[in-house]
Structure formats: structure tokens, C-alpha cells
Protein chains: 2
Amino acid sequence: MGATKTDHFTDKQNELATLAKAMGHPARVAIIDYLLKVDSCICGDIVNELPLAQPTVSQHLKELKNAGIIKGNIEGNAICYCIDEKVFAKLQQFFTRIADKIEKKKTNCC
Amino acid sequence: MGATKTDHFTDKQNELATLAKAMGHPARVAIIDYLLKVDSCICGDIVNELPLAQPTVSQHLKELKNAGIIKGNIEGNAICYCIDEKVFAKLQQFFTRIADKIEKKKTNCC
DNA sequence: TATCTTTATCGTAATATTGCAATATTAAGT
DNA sequence: ACTTAATATTGCAATATTACGATAAAGATA
């Protein structure tokens with residue numbers, strides 16, 4: 001088929017998958033990198049930073065927004081996008097927990 | 001088109017995107033969860049744990065393997081899959097760094 | 001009001017992903 | 001050699017993603 005059977009997995013599994021998927025494209029990673037670099041919200045200039053057309057960037061921003069990774073406020077003419085702090089703390093937690101579990105095991109059978 | 005322009009982004013951006021993408025499906029998250037739960041390698045019983053057909057699970061395992069997240073050793077008749085420890089440490093680092101940068105800023109303009 | 005700027009949306013093409021039945025492969029046991 | 005068990009591969013259908021040109025929408029500015 002092609003449709004993902006999200007209903008067969010736990011909420012946590014689906015949540016991590018959704019967040020990871022949103023970060024699963026270099027353009028979207030680059031958008032986050034840029035948001036961190038400029039140390040403020042971005043109001044439009046991302047399009048000039050990325051090697052992609054404006055509609056494509058707009059689409060990637062939308063996807064990041066849908067996943068809850070960034071949020072956008074209308075600021076007069078432009079739109080101000082910024083990172084949602086909580087989400088990356090959550091991602092960090094997810095992977096820290098996994099890394100810790102692996103550290104504890106050390107069952108190097110492979 | 002549909003093809004991702006990986007050559008336009010940095011190696012780090014592409015690396016994170018590849019790893020995140022591999023974790024961007026609940027079935028693959030569930031596979032990792034199970035690998036952590038059983039506290040050893042998995043030799044076949046993942047198919048019984050997941051609500052997916054054997055070829056589908058095999059495909060997801062292949063994708064995790066391609067991303068370098070798990071590795072598989074042939075163990076006689078069965079195949080022994082286990083997590084590559086380094087990769088999750090790397091993922092943790094990636095997101096910890098981002099979370100730290102966000103913490104430092106606190107430019108709550110939005 | 002006319003125009004510019006900025007961002008979103010629509011439409012569409014190319015490609016990738018997801019899922020499974022059928023089949024192949026490989027090693028073990030008989 | 002035959003059979004069984006475990007896993008991979010192939011082929012295919014359904015859907016999703018990625019990318020962009022054209023166009024729309026909405027506020028700013030002249």
C-alpha cells in the first residue's frame with residue numbers, strides 16, 4: 001500500500017517517528033541550523049540561505065510546523081519563525097534514554 | 001522531481017537527516033525498542049512482535065542497517081541483529097547540542 | 001489606488017516509501 | 001537428497017515526498 005499503520009504502534013513510538021521524520025531531510029536540518037545560527041527568529045531570509053526555490057522552502061517550513069518543531073508568528077508583512085524549545089528537549093530525552101540503555105547492557109554479542 | 005539534493009547541504013546535515021529519516025517510521029522505532037527490551041540480539045522473533053508481514057519487517061531492518069543503526073551477523077540458520085552503540089551516542093549528541101544552544105539563547109521573540 | 005514584498009497555495013511531474021504475496025536463498029536437521 | 005526454518009529478494013500496487021512554476025493573498029509603501 002504505502003500508508004503507514006500508525007495505529008499499530010504506541011503513542012511514544014509514533015511521536016518519536018513523527019519528530020524524527022520531520023528532521024529526516026537535510027533541508028529541514030539546514031533550516032534548524034540557520035535558526036540556531038542567526039540567534040533569533042527568521043523573517044524571510046531562509047529562502048536566500050537555502051539552495052531551494054521559495055515554494056519548496058515554504059513547504060519544508062510547513063512540515064516542521066506540523067511536527068511542532070517550529071512555530072510561526074505573523075509579524076506585519078513578514079512571518080517570524082522560531083524553534084519550539086520543548087521539542088528538542090524531548091528529542092534529546094528520547095535518544096539519551098536509548099543511549100543510556102545501550103551503555104548499561106554491553107552485551108556485545110555481535 | 002522528488003529527489004533530494006543532498007549535495008547542497010553539509011555532511012553533518014546530511015548525516016543527521018539520514019539517521020533521523022531511518023528513525024522516522026514507527027515500525028523502525030518499534031524494532032529498536034524491542035532490541036533494547038530483549039537485552040540481546042534478535043534472531044528472527046521480531047516478525048512475531050510487529051504487526052507487519054515478514055518481507056516488510058525485513059525491509060525495515062535493511063533500512064536500519066543501511067543507515068548504520070543496526071548491524072546483522074549470520075548466526076548459523078538465523079541472523080543476529082543488534083544496535084550499533086555509536087550511532088545513538090551520535091544522535092544524542094546532535095540533539096543535545098541543539099537543545100543546549102536553544103537553552104542558551106532564550107530570545108523568546110515568539 | 002497601484003505596486004512592491006513576503007509568504008502561502010495550487011497544480012503537476014519525478015521519485016521514494018510502504019506493504020505484501022510470491023518466490024528465492026541459505027543453513028540445519030533428517 | 002529432502003525437508004524444514006529463517007531471512008532476503010522480486011515485483012507490484014498504493015500512497016507519500018520532493019521540487020518548482022504559476023498564481024494568490026495580505027500587509028507595507030509610494
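What should the 21 residues of helix α5 (residues 85-105) of chain A span at 1.5 Å a residue, and how far apart are its end C-alpha atoms? The expected span, 1.5 Å times one less than the number of residues, should be 30 Å, and the end C-alpha atoms are 31 Å apart, which agrees. Helices here are DSSP runs of H or I with at least four residues, strands are runs of E with at least two, and both are numbered from the N terminus.

This is a predicted model, where local features need pLDDT of at least 70, side-chain atom pairs count only at pLDDT 80 or more, and totals for chains, interfaces and linings use all residues. Residues are numbered from 1 along each chain as its sequence is written, and chains are lettered from A and ligands numbered from 1 in the order in which they are written.

Staying with α5(A), its buried residues (20 or more other C-beta atoms within 10 Å of their own, C-beta atoms being placed from the backbone) include A:Phe88, A:Leu91, A:Phe95 and A:Ile102.

Now the interface. Chain A and chain B each put 44 residues into the contact, counted where C-beta atoms, placed from the backbone, lie within 7 Å. On the chain B side, α5(B) gives the most, twelve residues.

How values were computed:
Contact = placed C-beta atoms within 7 Å. Buried ≥ 20, exposed ≤ 12 C-beta atoms within 10 Å, placed from the backbone.
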